[in-house]
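This report describes a predicted model.

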Amino acid sequence: MSAVTSQGRVLVRRTTIVLTLGLLFLPLAVIVLLSFNASRYGTLPFEFTLRWYTELFGRGDLFVATRRSILLSTGTALASALIGTSVSVWLVRHRPRALPVVSAGLLSAVTIPWLILGIGMLTVFQTLGIGRSTSAVFLGSLVTSLPYQVFIVLARLRALDPSLEEAARSLGASALRAQARVVVPLISSAVLGGALMAFTITFNNFVIQYFLMPFGVRTLPLEIYTLVRTGYKPDINALSTLVLLATVVLIVALQRLVGGVQRTVRPVAGPRPDRGRD
Amino acid sequence: MTGPAIATRASARTFLRDAVLAGPVVVLLAVLVAVPLGLLAFRSLIGVEGPTLAGWDRLADSPILLPLLGKSLRLATVVTVATCILAWPAGWAISRTASRHRPVLLGLVVVPYLTSYLLLIYAVLVLIAPGGPMMSALGALGLADARSSFLYTPRATTVMLVYEHLPIMIIVLAAASERIPDRLLEAARSLGAGRLAVLRRVVLPLTVPSLAAGFALVFVPVAGSFVEAQILGGPDGLLFGNVIADQVTRVNDPMMAAVLSLTLLTAVLIVLGLLQALRRSVGTFVRARRHGGPVRSGRTRVLAG
Amino acid sequence: MSRLSIAGVSVRYGAVTVIDGVDLTVPEGTMHALLGPSGSGKTTLLRAVAGFVRPAAGRIRIGERDVTELDPARRGIGVVFQSYALFPHLDVVGNVGFGLEMQGVGRDERNRRVRDVLALVGLTGFEDRAVDRLSGGQQQRVALARALVIEPELLLLDEPMSALDRKIRADVQQELKRIHERTGVTAVIVTHDQEEALFLADTITILDEGRVRQVGAPREVYDHPGDPFIASFLGRTNVLDVEVEVGPGAPSARVAGGSLELPRSARPGRWRLSVRPERIAVRGRGAAGTLAAVIRHIDFAGPLATLTCELEDGTPVTVSMWGWQSPEYRPGMDIGLEIAPDSMTLYPEGDDAAHG
């Protein structure tokens, strides 16, 4: 292959990537830009202002909804980190045979459209006499976040060389101490990554909140849903810009924690020991 | 003498360990995934005056409902195929960039996917609104009337759904392409395969399994979508999902909500099953071509992610 | 430093018996190799000694202590794993000092002992290095240092060289032998590499299908393998079916192409005769006491060369010689093969050489 064609190929690749990213970011870029535009109706010419941001912070309803969403997502993230990690440890260490059943359950939580899952959950909560409530939303969000938490932690646990724990044991560590000194540090970033993922999913899970939140109690997605139906809103532009910013920060964190996985996960050297064969 | 006592204590401890470690997740999955489906089945057969098949009759007799389901499934197919076609070049291109740039690119790609999709809907609404940035630009170029727009038509829903699911498809296809090393393509070329043959005989068969996963990841949520159509689709844009949601939020008819939910779920599962069968037969076909005989295909899961 | 004794140990995984009643004693301060093909149970036996698998039957003693039921943490062992199992989140000092930390050894003494053991394995200056920034050989030495620094009564090595290049492996084997001599720790090494076992070990156990096939010093098991399986597993060998005749002189056997003088101890009957390729000398055709043969191939491999010959009835015989000697010979050449009686081992017919 000549240098010319390979250079041409690189150019084609770059163009493809730039065009696709442009397409993906076009609507968002417009919103970000308009959030600094003075016109109330999004019309040009562009005139810079921070007015919509100050107005945004003056709006009690959006502030309350955002705080509610953050609280809900934080709660879900913590709970999912806790029970998702323990079930992963259980599946890897104690009951590998339960793996197909549990992962089928987790996969259903992803496969069944949330519309149906949400309605089904609502039916259960109504039957139990709980009905629409914040705790219902919390549990529903937890179920939809758990698959991500578990699959991330499970992958990391399975990539761990089982000899690491044995090495710690042979060096005099008790079973508990081997977990604390070797396993926990090595999976902590995956646990945190899973929790961040759970946070993101809960924060944006409109459908579950739509069906399970009590009427009148609004999370951020529900608030936006109510506002968006009435058309253009400059303060929503400002809000979207902030949410977008938070998402970018979150993704950078996620990549540091889970994307950099290979470095921390890869057994330090040597082939994986062939268990059972010998 | 103490044998049974020890055994009991040991099994009690095992039970406690299982309960603490796995209990919460297993109970949650049972109560909020398995039970709801059972309860929906039950509710679909219970009317105001007791057990009845009225709900299912209404579904069968309605001149609107089943055609609407067909429309939703068609839309989901169109959206998925369009997403695939749009995502493939970018996925392939990203997989061929230097590995240190890849996380950055993939990170950028997921930004819209992890942003609240209500914000995405809003952003698209603003972008394509009559007199909005896109229509103004098209108007300035003389390609369209700046005052008009396809907002509030079914096409807006389609565009939105493609836009919304493009990132995940790019991720899936980039991951799949990454697993096809350049060496493999060079090997195929060295054996005399033309560009098209490389695509058909090497790239495609190796991408199909991931493509099936990507297909499921887009098809399922699109088939169950309703907010996009509700906000962007206008009066003609109603989807099956809207009817289901309305049974809960407006009509308050639990029986019909259950009937329609189960109908959609069944349809989705059938499509996933077909996909699985297709993937398996393609896998067998590829292996058969390779080994010159039919080979039992490995157990595979569509939704491996 | 204590002797290891294993008595009647069996290990079962479900219905499969992986180790079947193994008895073994490793004298204090020696290095013992567990050698066997894959699936022979050698790693499982090592893991039973380490306490990672519980035997279904039998006792394991280290020194005077019965450790059969003991937690791995309290057995006084050091283990070098096949994958090294270095803690990726700790640096070299963190890894090597881990065991001392678990024992509650104070920081100053810990640092001193870590420094000493790193000097022993030749890693001075690498203290703060992240373990994934080390070469394979260096990682191997960190693993060894980590196991040695806790001054174990017994050092267990599970295929420690299998991840290393051939050339580095030879260096590390030398190094390991030197370190073992310096520390005098009782050691058990699992390997499937017969040369490694012969080079490193004071005694070797050959395992097959969970049973002990032979125990002995390297010379002993190499020169007098217990059966044709061991002979062919431990290096290469030629096996000839012979009919032994005991006449007035020394016992002898008629073989295609001549007659062989056998050891005095040979008894009449049909036997299988095993002789190593390097114990066969090439002479001129017709020389006294030789078998007539024809050279078919000559394979030169640096220091050594291998001649593939054929007796008159077509039986193949492999002969090895120094590489520099090989240019004297050509394929097709008629030669005589001389086999000294003391280089032969006789097995009763029916021992299965192809076994394993």
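## Chains A and B

In the predicted model, 67 residues of chain B are in contact with 66 residues of chain A. On the chain B side, the most comes from helix α1 (residues 3-43), which gives 16 residues. Sorted by class, the side of chain B that touches chain A has 56 nonpolar, eight polar and three charged residues. Two pairs of chains touch, and the pair with the most contacts is A and B.

Chain A itself has twelve helices and zero strands. Of its 278 residues, 50% are buried. Among contacts in chain A with a separation of 6 or more, 80% are between residues 24 or more positions apart.

## Chains A and C

Chain C also touches chain A: 32 residues of chain C are in contact with 25 residues of chain A. Four elements of chain C each give two or more residues to this side, namely α1 (42-50), β6 (77-80), α2 (92-102) and α4 (136-148). The largest share, four residues, is that of α1(C). The class count for the side of chain C that touches chain A is 17 nonpolar, 13 polar and two charged residues.

Chains B and C do not touch. The nearest C-alpha atoms of chain B and chain C are 16 Å apart.

## Helix packing in chain B

Helix α4 (residues 102-114) of chain B packs against α7(B) at an angle of about 150°, and the two axes are 8 Å apart. Angles over 145 degrees count as roughly antiparallel, so α4(B) is roughly antiparallel to α7(B).

From α4(B), the residues that make the contact are B:L106, B:V109, B:V110, B:P112 and B:Y113. From α7(B), they are B:P167, B:I168, B:I170, B:I171 and B:A174. By class, this contact has ten nonpolar, no polar and no charged residues.

## Nonpolar cores

The largest nonpolar core has 241 residues. Those with the most contacts inside this core are B:I121, B:Y122, B:V124, B:L125 and C:L156. Helix α7 (residues 154-178) of chain B gives the most to the core, with 15 residues.

Apart from neighbours within four places in sequence, B:L125 is in contact with A:V228, B:L151, B:I231 and B:L232. A second, separate core has 21 residues, including C:L273, C:I280, C:V319 and C:L337.

## Strand β8 of chain C

All six of the six residues in strand β8 (residues 186-191) of chain C are buried. In a regular strand, side chains alternate between the two faces of the sheet. For β8(C), both faces are covered. One side holds C:T186, C:V188 and C:V190, the other C:A187, C:I189 and C:T191, and all of these are buried.

Strand β3 (residues 31-35) of chain C pairs with β8(C) in the parallel sense over five bridges. In β8(C), C:A187 is the residue opposite C:M31. β7(C) and β8(C) also run parallel and are joined by five bridges. Opposite C:D158 stands C:V190 of β8(C).

## Positive phi angles in chain C

C:E151 is not a glycine, yet has a positive phi of about 50°. This residue is in the loop between α4 and β7 (154-158) of chain C. A residue is buried with 20 or more other C-beta atoms within 10 Å, exposed with 12 or fewer, and partly exposed in between. C:E151 has 16 C-beta neighbours inside 10 Å and therefore counts as partly exposed.

C:E209, also a residue other than glycine, has a positive phi near 50°. Its place is in the loop between β9 (203-208) and β10 (211-216) of chain C. With 16 other C-beta atoms within 10 Å, C:E209 is partly exposed.

Key
Residues numbered from 1 in each chain as written. Chains lettered and ligands numbered in written order. Predicted model: local features only at pLDDT ≥ 70, side-chain atom pairs only at ≥ 80, totals over all residues. Contact = placed C-beta atoms within 7 Å. Nonpolar A, V, L, I, M, F, W, Y, C, P; charged D, E, K, R; others polar. Core = buried A, V, L, I, M, F, W, Y, C linked by C-beta atoms within 7 Å. Axes fitted to C-alpha atoms, helices over the stretch in contact; angles between N-to-C directions. Parallel < 35°, antiparallel > 145°, perpendicular 65-115°, else oblique. Pairing = 2+ DSSP bridges.
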